[in-house]
Every structure is written in C-alpha cells, then in structure tokens.
Amino acid sequence: MQADILVVGGGLGGVAAALAAARAGRTVIMTEEYDWIGGQLTSQAVPSDEHTWVEQFGITRSYRKLREGVRQYYRDNYPLTEGARAWGDLNPGAGWVSRICAEPRVSLAVMESMLAPFCGAGRLTILKPYRPIAADVDADIVRSLTMRHRDTENEIVISADYIVDATELGDLLPMTGTEYATGFEAQSDTGEPSAPEHAQPDNVQAVSICFAIDHVDGDQTIDKPQNYDYWRQYQPQFWGGPMLGFVAPNPRTLEYATRSFTPNPDDDPLLVDADQRKGGGDENLWIFRRIAARKNFVPGFYKSDICLVNWPMIDYMDGTIIDVSEDEKARHLKAAAELSYSVFYWLQTEAPRPDGGQGFRGLRLRGDITGTDHGLAMAPYIRESRRIKPITRIVEQDLSHTVRGDKGAVKYRDSIGIGMYRIDLHPSTGGDNYIDVPSCPFEIPLGALLPQRIKNLIPAGKNIGTTHITNGCYRLHPVEWNIGEVAGMLAAFSLDQGLTPHQVQADDRHLHDFQAKLCSEGIEIRWPQIGAY
C-alpha cells in the first residue's frame, strides 16, 4: 500500500494527525494495534486530564470539537435529567479529575464520526488491528514499514513520503534507527533540578491497567486472582502501608494520605467543580474518575454510578516494558493485570467500609464499558515512551514555576501549540516516589518534533523531545492531540511547499507561514495576553 502520509498508532495523537493530514487534502493510512482508536481516552480508558481554563481557551479547535461532540452525543442519545441537559459544560461522570469525564465508547464514537467523511472520500484508510514489525530505511529516509495483523499475522508493506510515529511507546524509533532516549536523563546532561546525578535509562513511570466498576445488589465477588498474596503484602518503601490499601503518598506533598471510598454517594453532580488548582481530586476515589454519575440521568436508568479505576494502587513498578524482549514485556503486562485484578478483589473482600465492615461485595467489573471480555481496559495506560533526540529538547527549567516564577515558561520562537499541567510523574520502576512540580502554562516548540537526523519521521505523542521530567506535563490528552495535529499538518505542509520539516523550522519565513497555517486551523500557539488595543 502507499499513501502521502502513514500514521502508525491510532491514539489521540494519531487520530489528530490523520484528521489534520486528510483535512489538508493528503492521502493517509492510519494503523492501530487495538480494536479501538483513541488511545488513552478509549482503549486505555483514562478520562481526559486537562487544565483549568479548558472551557475558555488553551486547546485546539478540533480538540474542542471532540469535547463538544462528546457532550452532544449524550444530549442526543442519553436520557439526561433536565438539569444535566441544560448544563452547558456537561460533565457526564461528574468526576473530580476532569471537567468532562465520559464513557470510552462515547469518545470513540465521536472520533470515528470526525474521521468518517475522510474515509468516505477515500483520503483516509484505517487498518486495525495492525502493529509495525519492520522498517525499510535508506540513510536518513524511512521508505516503508511492514505491518502485521494481530490475529491473522497477515503482513502489509506500506510506503509513504512521511511517517508519523503515534505509537504509545515510540516503537518506530528503534525500528528506524532514530536516535532516542529512555528513562531518567542525568542532571549533568539536562541541568534539571529534579533529575538524578546519573542517567537511569530503565527507570520509567509505572504503567497501569485501568478498569471500570459499578456497585449493585448481590455478591459479585470474583475468584481470588493469581498472585493475590504477593500483591497483598507488596509495599514500596515510600508508600506508607500495603499497596492494596487506601493509604498512599499525596503526590504534591509526599505525605501519607488516606483516601475514602464511598460507592454511589448522595452527591449532586451539578455541583462538581473539577479544578486542578484546588487539588488532585483523589480524596474520594469513587468520585475521582467517575465516568457516569447516575444522578445526571433520569431516575432508574443507571442502577449505579460507573467509576474508572486509575488509582495509585494499580501503578505497576516491577519492571519496564521498553526495550525488553517480547516475552518480558508480556510477563510485565500480565503481572500488571494481576495487580489490577488484585486491587479489585481486595476492594470486594477486604477494603474497610465506613460502617466498620470489610469488603464491597456488590462491586462489579464492567468490561462491557471498556470493550473487553476479561473486564479490564483493552490496552495498558502508558505514561512514558521512548523520546526522540530532538533539535530542541524541553527541560524542566523551561517551564517549572519554581525556576521561572512570574516570568512564565520559556517562549519558543517556533511554538506550534500550548498546554498546561503540573509536572506529574508517577512512581517509577526504579523505586522513585512521585515527582509533582508546579509548572507554568507552556508552549510546544516545533524543534521538539524533529529528530536530529531522520528527515521524514515525525513523532506525534509522548515520543517528542521532552525529558523524563517534562514528559510529566506534555503527556496529557489535549497536549498529545495538539502534538499529533501539528505532526499531520507539518507533513502535509512540507509536501505542499516542497520543503523538509527541518527547513520549515530553520527558516523564519517558512516557519511564519506554517505558524499562520496553524492559527488559521484553530491551533493556539501562544497563551492569551490581555491588554489594551
């Protein structure tokens, strides 16, 4: 097969890249290794992590269309209460982590509807479930990739002028010989205040396998999971108690904190204000990432709220899945699934209840919500990827509020988007505690999307040129979408203008033209500055 642009990986960055490139009139092939496109928002089942001002500004026009499409899908198809239907900024799950917590299938349906016109027009071909297995590289140019079907093992060779790496782990980087980094960089290399003295390439953030639950009548207890006894006694030295428990570090203070857990509380979803400035929102784990608040719907339609479990105790720290053998990767992912099953079983049988009893036996796994028979999310939640060695590397001191103060984040000459989130690093495979650093609203430099050597491969997600530290705030949903959308537009623009991406970034005139194109498509490249005119 052949196309102008090949997008490998159908997560948020991949969907945004394919959408942007097809919108620009280019032929696009997008491949995805799971049954669902959408990545962390769908197959990984993670409600969107967003900044405080998301309803007003600070995201791209197409990401706003996705968010509003989710809300409209509920209004069109779900029996909302009058209050919920009239809620302009409808939060279907009324979760505290995000102003729009929704069921994965709804986000999937909206993304598929956004891509459908381009599929119908023949500009976009989506191949699922396919993953890359080999690359044909000629010096600094990637000529083609070989994709293999997950189930049939059928192979397809796809050639394209530009390759967009939107895989969750930066899988194309070693495959194409693109120079990259993993894990912690050394402080002597980056100058980052939070970096260690020596590089730790195998020390990466924990992966998590999320799951959805509700609470109904009857005993829903599952069989005791394999290796439950191992996880029952598992206790990281910085944790404050067994990992299967409600005590865990507060990410911002590192003090031990006890979370509460109250299935189906009598709260008013219309009063939930998911503002990350006020805290992480995880004080009550049920409400934290709730994706369906039963009181947003007519009485009796939902028997229970639906809660998405992406909590501290499911963070798997026993090993990395980057640059290991396929067998070792599979072993770690199996163990991560066992941890998630063990957390659920502990909740059902041993978790302390407010009435003094133990266990919530009415808890039920909702694999139908996550699209699986096994009950967990379709894909592991990946927080950290391989990262290109870029033209411009984003470091902690570019945006840390502790370093920058009132000056704000560094303003890049070649900014191609904006984002905001705290530098939020989960515990890691090297045994490190949370690193949670306040950050300034930041920009995304085009140079961070350009490998130092390879000319036609563009990263479109967590594989851009951040560090282990700054990945912590560039990895969230709207930023990944922005990066992917720009990657698709950059490939199309380069083809239209007869330029390479590196030439676009290096020449002021070409860069200005590209930035103007981005602005015309609704991509904000600077944070608003309010003043007289």
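How many nonpolar, polar and charged residues does the lining of the largest cavity have? The views below come from a predicted model.

**View 1. The largest cavity and its lining.** By class, this lining has seven nonpolar, two polar and two charged residues. The cavity has a volume of about 100 Å³. Its lining residues are Leu 41, Pro 47, Ser 48, Glu 50, Tyr 63, Leu 66, Arg 67, Val 70, Ile 100, Ala 102 and Ser 107. Helix H2 (residues 61-77) gives the largest share of the lining, four residues. A search of the whole structure finds three cavities of 30 Å³ or more.

**View 2. The second largest cavity.** The volume here is about 80 Å³. The second largest cavity is lined by 14 residues. Nearest its centre lie Val 204, Gln 205, Val 207, Ile 321 and Glu 384. The lining divides into eight nonpolar, four polar and two charged residues.

**View 3. The largest pocket.** This pocket has a volume of about 890 Å³. It is lined by 38 residues. Look for Glu 33, Arg 131, Asp 171, Glu 326 and Lys 329, which lie nearest its centre. Four elements each supply at least two lining residues: strand E4 (130-138), strand E5 (141-149), helix H5 (172-176) and helix H9 (326-349). H9 contributes the largest share, four residues. By class, the lining holds 16 nonpolar, ten polar and twelve charged residues.

**View 4. The second largest pocket.** Its volume is about 660 Å³. The lining of this pocket is made of 38 residues. Those nearest the centre are Arg 252, Gln 276, Gly 280, Tyr 421 and Asp 436.

**View 5. Strand E17 beside strand E20.** Is strand E17 (residues 415-419) mostly covered or mostly uncovered? It is mostly covered, with five of its five residues buried. Three bridges join E17 to strand E20 (residues 442-445). The two strands run antiparallel. Find Ile 418, then its bridge partner in E20, Glu 443. In a regular strand, side chains alternate between the two faces of the sheet.

**View 6. Leu 365 and its contacts.** Leu 365 sits in strand E15 (residues 363-365). Which residues does Leu 365 contact, leaving aside its neighbours within four places in sequence? They are Phe 211, Ala 212, Ile 213, Tyr 341, Phe 344, His 374 and Gly 375. Now look across to Ile 525. Leu 365 and Ile 525 are 160 residues apart in sequence. In space they are 42 Å apart, C-alpha to C-alpha.

Terms used. Residues numbered from 1 in each chain as written. Predicted model: local features only at pLDDT ≥ 70, side-chain atom pairs only at ≥ 80, totals over all residues. Heavy atoms only, no water. Contact = heavy atoms within 4.5 Å. Buried < 20%, exposed > 50% of the residue type's maximum accessible area, 1.4 Å probe, protein only. Pairing = 2+ DSSP bridges. 1 Å grid on protein atoms, 1.4 Å probe; cavity = no way out; pocket = protein on both sides within 12 Å on 5 of 7 lines; lining within 4 Å. Points joined across faces, edges and corners; volume = space filled by probe spheres on them. Nonpolar A, V, L, I, M, F, W, Y, C, P; charged D, E, K, R; others polar.
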